[in-house]
Amino acid sequence: MKRLNVLLAVFSTVFLFFGCQSVNNSTDNSSSNNSNNSNKIEFVDSGNMPKIVNESAGTYCGTWSSSQYFDKSKAVPISDRWTLRQVVRTSIGGEKIRLSLTNREGEAEMVINSVHIAKADGQGTGRIFTDTDTIVPFNGKSGVSIPAGEDVTSDTFEFAFDPLTELAITIYYETLPGKITGHVGARANSFYSPGNCLSADKLPYFGKFTQWYTISAIDVLSEKENKAVVCFGDSITDGRGTTDDKNNRWSDVLATRLQNNEATKNVAVLNQGIGATTVTGNGVARFNTDVLEQTGLSYVIILYGINDIIYANQNAANIINTYKSMISKLHKKNVLVYGGTILPFGASTNDYNANREKVRQTVNKWIRETSSENGGFDAVIDFDAAVTDGNADKPSMKKEYMYDGLHPGPAGYKAMGDAIDLELFTKTAEFKVEDSAAAAFNAKNIEQFRFPLPKAIAKGTEIIVNLKGKNNGKSGFRCWTVADDVWTPTSEQITSYARQNLPSGTFDLTIKLVPTDTAKYLLIKAPAYGEKIDDIDFTAVTFTIGGKEYSVDPSAEVITN
C-alpha cells in the first residue's frame, strides 16, 4: 500500500495540471488537515450549501445502504487529495436526507475535505446534473474527520429526488487510512481523479472501478410512514452475475416492483449482501449492524446458506439454528422475517455432491414447512422453485437463468424478484414483545453460542466480560474473542471454567480478554473439545469496552447443538 500511495502521489502531481484543482506552489508547510505535501493546495468548495432541517419533523427510513467491510485482496487506487465519485440507486424518494459515512475498518483517522451529492446524468457515465450539485453538511460545515473504527452521519438537509433515482456521491479526501472500509461488490462504476473535482460534470478521466468506499447509507426524513425491507445474504443477494451499472439484482427488481405497486410505494429496499460469506459465521458477526440497526427496519428477507453448505460443510441443523436465532431477535424488534429457499447448484460441478444436496433439501424443507409459531419464518419466498430446472436427480438452475453453476444471470435475478409476493410488504407485525432479561437462558447439551461485538475491536483492546448464572450440574465453559471468519482464537489466553473450576450453584464471573488480533465476536464454548455445555442457566451476559457497557440476550444469539 505504501508503494502504491507513492506512485499515486507522483501521478497526481503531474495530473493536477490537467485536472480540476489549482495548485499554489508555496513552500509554506502549513498545508491543511494533516497533509505531508510541502506544496500547499488551496481547497475551494464550489458546491451549494443546502438548508439544514429540523430532525424532529418526521421519521427516518433508509432508501439505500450497503454492508461494509475491508477486502485486503482489492487494492484501492486512490490516495490523499484525490476525488472519488460513486453512483448508487435509491429505492424510495425523498426531499430531506442524511448520509452515513464509515471508517469502521480503518486503523487511522480519515479526513475528508468535502462530500457532494447530485443527481447522476447518464447510467455508467459518472456525469452529474451540475445544477443539483449540493454540499453534504456535517455540523453545518463541508468537511468531516472520521476517527479510526467509527461512523459519522451528516446533518439532515433538503435534497429532493424521485424513487429509483441514481445519485452521485463525490468525496474529496484529504488523508486516507491504510485500510479503507467499503463494499467491493458494488456492480456499479466509480470514478476517481487526483485533485479537487467535486463539482465537475464529469471527472477528468483517470480511472474507474466497480467498488464503493466510505459511503454506507442514505436515509430519508419524511412525515409519512416509510418502511424498509433488508435483503440479507451472500453473493446471490450481492448480485454476482448481474450487469454493471444496470441495477438488475433481485433486490433491484423487487424495489422497482414495489414502486410500481400503489400499496407498497412507501417500502424501501436495502441490500445487505456480501459475497463469499456464510450465515453461520460472517452473517452472525454482522447481523446487528447490517440488519437490526438499519433505519426504518420493518421486513427482512433472508436468502443465506449456500456457502455454509458447499464451503463450510455445515450441517442442516446449524444453518436452521442460525435462522431461528435471527428470527427470534427480529420478532423481539417486531419485524416480519421472510425465508428465501436456497437455490439449486447441480451445475456447479466442483461444488456439488449428493450429501450437500441433501443438506440443501433439508434446509429448504424446514423453510417451507415450519410455521412462525414453531420458530420458522413468517412467510416463504420460494426462490428455488422460481429458477430450478426440476431435475429430481441433480437439480440445477434453468440454463436461461444461469450465470454460472452457482449464480443466476440477469434473467434469473428477474425471475427471483418477480417471484416475491408484494402483499408481504403490506402486512404489519403484531408480535408480543416480552422482556427477555428477566428469564434465564438454559444452555443444556449445547456446543457453543456467540455474541457479535458492537464493532470490530482492535488488537490490544481490553474487553471486560461479566457472566452471571447458575450451574445446575457439574458443567463448565470456555470464553474468548474470535476473529471474523475462521473462528481463530484471538485472546492472549482462553479463560476456561471447566467442571472442576465452576462451582455448582450460582456464579458471577468477571473475565478480562485482550485480543491479539482484530476481534469480531465473543465465543462461549463447551469446557473441552468434543464436549457440550450441560445445564447452565445464564441470567446475564455483559461486556464493557472503553468504559461503555453492552448487554446481550443469550437466548437470541446463535446456538449450535
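Contact, in this presentation, means heavy atoms within 4.5 Å. Good morning, colleagues. The model before us is predicted, so local features need pLDDT of at least 70 and side-chain atom pairs count only at pLDDT 80 or more, while totals for chains, interfaces and linings use all residues. Residues are numbered from 1 along each chain as its sequence is written, and side-chain values use heavy atoms, with hydrogens and water left out.

I begin with a pair of helices. Helices here are DSSP runs of H or I with at least four residues, strands are runs of E with at least two, and both are numbered from the N terminus. On one side of the contact, α4 contributes G283, V284, F287, N288, V291 and L292; on the other, α6 contributes T322, M326, K329 and L330. Six of these residues are nonpolar, three are polar and one is charged. In this division, Ala, Val, Leu, Ile, Met, Phe, Trp, Tyr, Cys and Pro count as nonpolar, Asp, Glu, Lys and Arg as charged, and the others, Gly among them, as polar.

How are the two helices arranged? Helix α4 spans residues 282-292 and helix α6 residues 316-332; they pack at an angle of about 25°, with axes 12 Å apart. The axes are lines fitted to C-alpha atoms over the stretch in contact, and angles run from 0 to 180 degrees between N-to-C directions. Angles under 35 degrees count as roughly parallel, and α4 and α6 are therefore roughly parallel to each other.

I turn now to salt bridges, each a side-chain nitrogen of Lys or Arg within 4 Å of a carboxyl oxygen of Asp or Glu. The structure holds 18 of them. R249 and D252 form one, at 2.8 Å from N to O. Is this pair buried or exposed? Buried means under 20% relative accessible area, exposed over 50%, and partly exposed in between, with a 1.4 Å probe and protein chains only. R249, at 8%, is buried, and D252, at 10%, is buried as well.

Another salt bridge joins R360 to D384, with the closest N and O atoms 3.3 Å apart. R360 lies in helix α7 (residues 354-369) and D384 in helix α8 (residues 383-387), 24 residues apart. Both R360 and D384 are buried.

R368 and D382 also meet in a salt bridge, at 3.0 Å from N to O. R368 belongs to helix α7, whereas D382 sits in the loop between β19 (379-381) and α8. R368 is partly exposed at 36% relative accessibility, as is D382 at 25%. Through shared partners, salt bridges join E357, R360, R368, D382 and D384 into one network.

How values were computed. Angles under 35 degrees count as roughly parallel, over 145 as roughly antiparallel, 65 to 115 as roughly perpendicular and the rest as oblique.
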